[in-house]
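Here is a short tour of a model, meant to be read with the coordinates open beside you. Please keep the viewer handy as we go from one region to the next.

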Amino acid sequence: MKTETRSEQFDPPSLLGNILRKLHIDIPLFVGLSLIALLSFVILYSAGSQDMDVLIRQAARVALAFVLMTALAHVNPYQFKRYSALLFGLGLLLLLAVLIMGQFGKGAQRWLDLGFFRFQPSEMIKITTPMMVAWYLAEHALPPKPKQLLIAGLLIIVPTLLIAKQPDLGTSLLVASSGAGVLFFAGLSWRFILAICTILTGLTPILWHVMRPYQRDRVLTFLNPEADPLGRGYHIIQSKIAIGSGGIYGKGWLGSTQSELDFLPESSTDFIFAVFAEEFGLFGCVSLLALYLLVISRCLYIATQAQDTYSRLLASSLAFTFFVYVFVNIGMVIGVLPVVGVPLPLISYGGTSVVTLLAGFGILMSIHTHKKFIPHS
Amino acid sequence: MSQIYTLKDKQVENRLFINRIIAALIIILLLTSGLIVRLVYLQIVGHSHYATLAKDNSIKIEPLVPTRGMVYDRKGRVLAENTQSFSLELIPEQIKDLDDTLSRLQKLLNISDEKIEQYQKQRKRQKRFASTPLLMGMSDEEIAKFAVVRPFFPGVDIQASLVRHYPYADLAAHVVGYVGRINEAEMKTLPIAEYRGSSHVGKIGIENTYENELHGKTGYAEIETNVQGRAINTVNSVPPVQGENLYLTLDMDLQKTAYDALGDFNGAVVAIEVKTGGVLVFASRPGFDPNPFVIGIANDAYQALQKSENQPLYNRALRGLYPPGSTMKPFIALAGLEYNAISAEHKIFCPGYYQLPNVSHRYRDWKKGGHGSVNMSDAITQSCDVYFYSLASTLGIDRMHNFLQRFGFGEKSGIDLTGEKAGLMPSREWKRKQRNQAWYPGETLITGIGQGFLQVTPLQLARATATLANKGKVVTPFLVRNAANPDSLEPEQETPQEDLALKPENINKIIAGMVNVIHDAHGTAKSIGKDINYQIAGKTGTAQVFTIKQDAKYNENDIDFKLRDHALFISFAPADDPKIAVAVVMENGGHGGSVAAPIAGQVIKQFLGDNNEN
C-alpha cells in the first residue's frame, strides 16, 4: 500500500505547510519545540552573564539536534521497531564498555571518546530502553502477563543499574521511568502498580545502603537544607531565594540579581529554572509549564492516533518521560524533590540532553507522519 | 494467530490504551498543579520574605585569599616574596562610556594598545560587576597622575595587591620558576573552590612543583551586604591557611659563583651535597628575569625570549641533553672492574687509533700518536680513548647499558622539579624499537667514550658523580628541605638510599684515577689542583657536536662557534671524604679541562672553604 499522510489529501496547500509536510514534520509539535528552544536562548543569555559565545555554542547544538529530529522523522517507524532489539543490545554493550574503561580511568566515566566527538551511551539508552520494552510487549497480547512483566522488568532494571553505577542517578531515573512508562501504557494493572510502589517504599532502607555518600548527602540536604547553608544546602536555599524574590511578575529580563552576584551556582545548567522564575515570576513559570504541557499533550495525541501497538507504546512513553524530565528538574529547583542531575529539558545549557530529546521527538513525528491512509468514517 | 482473535484483542487493547492515556493526563495535570502550588507558595506567599533575603540584606560569601608562601635559600635569603603592588582596575558596569574612558586613560598614563586589547579580552571573561585590572605594577608617578583626576573617572580605581617578586631575577629563574595569571586551560584543572579569589598559579620550577604547599588554603567570610552590595557586617568567617614557606638546599653564593663563571657561554652547573642529595647549585645560563612574567610579559618581549638563539627560557640543567663524552669513562672503567672484564693493572697499547678486527675504519684517539702503553689509572688520567674502545668492545653494549642505568643514566633523577628529561641510555632493544635496526659493534665503541646515541642532562651527570663519590649508595637530588625545621640543614626526609653494592676496592681504584686527573702531572685538569689542602677527584670531557671526516683535522679556530665541542667536567671533593659533587657543561666551550674544570674548582673551593670556617 502507498504511504501517504492524511493531511496531504484534505488540507488546502500552503507553501510553508507543504514544505514541512514533505519534511515529515508535525507542525504543532515543531512550533512548540521551537518556542521552547527560543525561550532557552533568551534565558541563557541572561543566566550565562550575557556571553554571546555561550549562546552561539548552544544554538549550534540545538540546530544539530533539530537536523537529527528531522532526519529521524523521515525513517519509517517500522524500521525503529525492526531494529529495537539490536539498538538496545548495542547501547548496553557501549554502556558496559564505558563502565569497564571507567575501572581503568579515574572516578566517574560516562563518556566514550570517539576522537571526533564524545558520546554518552547512557543518552542512547534513554531512547532504546522504551523501544525495546515496547517491542517486546507489542509481540504479545495486552495487558502483559506475569511472565512478560518479569522479562520487561529485567529489560528496564539492567540498564538502569548500569547507569546508576556510573554513577548517574538522574539519567538512571529517566531510563527507569521511560521503561516503566511503557509498562503503564501497556495496561499494567493498578493493583500491581500499587504493589510495586509499596515494595519500593519498603526497599528505601536498602537503597540507602546502596547509595553513594554524595547521593545520601543530597537526600539529607533535600530534607533539611538549612542544616548546611553554605555547603550542600547552598544550592537549594539560594534557588528558593531567587524564585521567591521573583514574585508574580518577576524582575524582568536580565533583572536576575541572584545569578549575577554569584549567589546561584549552576545558573545556566541544572538550576536555570531559578533564573527564569526570578526574572519572569509566577506568570512566566505558569506559561512555561503550559508550553511544556502543550508539547506533552500533542505527543499523547500522536500516541492515540498511532496505528500499531509498538508505535503507541513508544510514543506515549516518550511523552511521559518528557514530563518526568520537566517535573524532576523543576521539582528539585523549587525544593520539592532531592537534587538529582537532571537538566530542564530544551532549556538548560548543554548538548547531550537536547540531542536525545529531539531524537525522541523525531521518532514521534515519524510515527505520526508515516501513517497508512485511512478514510474518514 | 487468527484474524478474528486479533481483532477482538485490538478492541480491548484500544480501550485499555485510551484509558491509560487519560489516566496519564490526569497524573500529569495533578503533578503540574503541585508544582504550581509550590511556586505560588514561594512567589506569592513567601515573596516578601525571599525578596528581603535577596535584596535588602544578603549574605555574600567572599573568598579570603591566603598569602603565598615565601621561598628561601639555604642561608635564609629570599628567593621569592610578595610585594605590595598597585593596579588600575575598572568595573565596566559602572562606567557610562567605556571606550571614551579607556582612550582618556590611555592618553593620561601612556598605556600601550596591546594592554588595552588584553584588557578587553580579559573583561569578556569576567562576571558582571567584577573589576578587571587594566594596568598592573603602577609606578608612584602613575599613581599620582591618576589620583589627581580620579573624580573624573567613575568606576575606575587603584587597588593594592600583593605581587610575587623574585629578588635574584635571572640568577635562579630556572629553579625557583615564576607564577603567572591563571589561564583558561588551568582554570579547568585547578580546584575552583581553592582558587576562588586567586589570580596567579605557579607555572614552572619550584613555584609549579610546590604549588599546593605555596598556595595555602582559601578561607571565606560570610558578609552581610545591603541593597548596593556594600558590606555591612561580617557574620562568620573561616580564615585562610597561609601558604607554606619553603627552604631550599640551594646556596645563592655558590649559585652566583657558578652562574658568573659560565660567563658568556651557554651551559649549566649542578652541585649536589653528596651525603644528602641536597642540590647546592642549579644554574642554567643564559637566565631570564622572571618578574615580567608575574604581571604579564609584553608579547614582543616574550617573543624575543622565545626566539633568542641562546634559548634563555630553556632549563639546561634539568632538560638540556648532551653527549657526556669522556666524563663517562670512570663509569665504564668501574663496569669493567665490576664485571671482571679487565683488571686495573692490565695495560693496553695505544697507537693513537683503534680498529675492530677485519674492519679498515680507524677509531681515533684525541691524541695523535697515542698514549703508548696505559693501565686503567693512566687511561682515566690522560683520558685515553683507545683504552676505552677496547674495554667497551670487551664489555659489550648490554653490560654497559645495564651498569650505567644503575647510575641513573637514561632515567629521571626524581628531583622535585617538574619537566625533567630522562636523557637516553641506548641499548640493543632501544635501537630495534626506535629505529628498527640492529646494534653495530662500532656503536659499542663510541658509547665507551660517551659519544654516539648517549644523551645525559647535567643533573644526571652530577647525580651519577655523587653516587660514585658516595661509594655506590644512590643519591637522589632534592631542592626543598625540611619545612617544619627550617633552621636545620637536614632534608625534608632522609631519602632511602639504594645501594648498588659495588666493591669498595674497585671504587677506590677509579677514584684514584680521578684524583690523578687533577693532581698528576699528566692530568687533563691539573690547573685547578693548586693551593688546596685536600684532593679533588674529577674527569674532563669533550663532546663532539659534529663529526669530522676520517682524515680531517679538528681545528677550533677554523670552525663555526656553534659547531665547536661542548666542554664537560665532573668532580667531587674532598676525594677521601666527599662532601660535594659538581657537574659542569659548557656549550661550545671547547676542551673540558681548560674551561669547564675551573668553574667546578671555584664552586668546590668556595663550598669547602665556607664549611671549614663554620
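## A glycine in a loop

A:Gly341 is partly exposed, because 17 other C-beta atoms lie within 10 Å. For reference, a residue is buried if 20 or more other C-beta atoms lie within 10 Å of its own, exposed if 12 or fewer, and partly exposed in between, with C-beta atoms placed from the backbone. This is a predicted model, in which local features need pLDDT of at least 70, side-chain atom pairs count only at pLDDT 80 or more, and totals for chains, interfaces and linings use all residues. Residues are numbered from 1 along each chain as its sequence is written, while chains are lettered from A and ligands numbered from 1 in the order in which they are written.

You will find A:Gly341 in the loop between helix H13 (309–333) and helix H14 (352–369) of chain A. Helices (H or I, at least four residues) and strands (E, at least two) are DSSP runs, numbered from the N terminus. Leaving aside residues up to four places away in sequence, A:Gly341 touches A:Asp168, A:Leu169, A:Gly170 and A:Asp270; two residues are in contact if their C-beta atoms, placed from the backbone, lie within 7 Å. A:Asp270 is 71 residues from A:Gly341 in sequence, yet their C-alpha atoms are 6.8 Å apart.

## Helix packing in chain A

How do H4(A) and H14(A) pack? Their axes are 7 Å apart and the angle is about 25°; axes are lines fitted to C-alpha atoms, for helices over the stretch in contact, and angles run from 0 to 180 degrees between N-to-C directions. The two helices are therefore roughly parallel to each other. Angles under 35 degrees count as roughly parallel, over 145 as roughly antiparallel, 65 to 115 as roughly perpendicular and the rest as oblique. The H4(A)–H14(A) crossing is right-handed, a label used when the near helix is turned clockwise from the far one by less than a right angle, with left-handed for anticlockwise. Among the residues that meet are A:Phe66, A:Leu68 and A:Met69 in H4(A), and A:Leu358, A:Phe361 and A:Met365 in H14(A).

Helix H3 (residues 27–47) also meets helix H4 (residues 52–74) of chain A, their axes coming within 10 Å and crossing at roughly 160°. H3(A) and H4(A) are therefore roughly antiparallel to each other, and their crossing is right-handed. On the H3(A) side the contact uses A:Ala37, A:Phe41, A:Leu44 and A:Tyr45, which meet A:Val54, A:Leu55, A:Gln58, A:Ala59 and A:Val62 in H4(A). Helix H8 (residues 169–185) of chain A packs with H13(A) at about 140°, the axes being 8 Å apart. That makes H8(A) and H13(A) oblique to each other, again with a right-handed crossing. Their contact includes A:Leu173 and A:Phe185 of H8(A), along with A:Phe320 and A:Tyr325 of H13(A).

## The open sheet of chain B

Chain B has 21 helices and 20 strands, and 40% of its 614 residues count as buried. In an open antiparallel sheet, 5 of the strands of chain B run in the order S12-S11-S20-S19-S18; strands pair if DSSP finds at least two bridges between them. Strand S12 (279–285) and strand S18 (537–543) are the edges, each pairing on one side only. Neighbouring strands of the sheet are turned by 5° against each other on average, direction ignored. Helix H19 (residues 458–469) of chain B packs on this sheet, touching strand S11 (267–273), S19 and S20, and its direction makes about 150° with that of S20(B).

Two pairings meet at B:Phe572. B:Ala537 stands opposite B:Phe572 in S19(B), and the bridge partner of B:Phe572 in S20(B) is B:Ala581. S18(B) and S19(B) pair in the antiparallel sense over 7 bridges.

## Covered elements in chain B

Is S18(B) mostly covered or mostly open? Covered: 7 of its 7 residues are buried. B:Ala537, B:Lys539, B:Gly541 and B:Ala543 point one way, while B:Gly538, B:Thr540 and B:Thr542 point the other.

Helix H14 (residues 329–338) of chain B is mostly covered too, with 8 of its 10 residues buried. Among the buried ones are B:Lys329, B:Phe331 and B:Leu334. The cover over the buried residues of H14(B) includes H19 and S18 of chain B. After H14(B) comes B:Asn340, with a positive phi near 55°.
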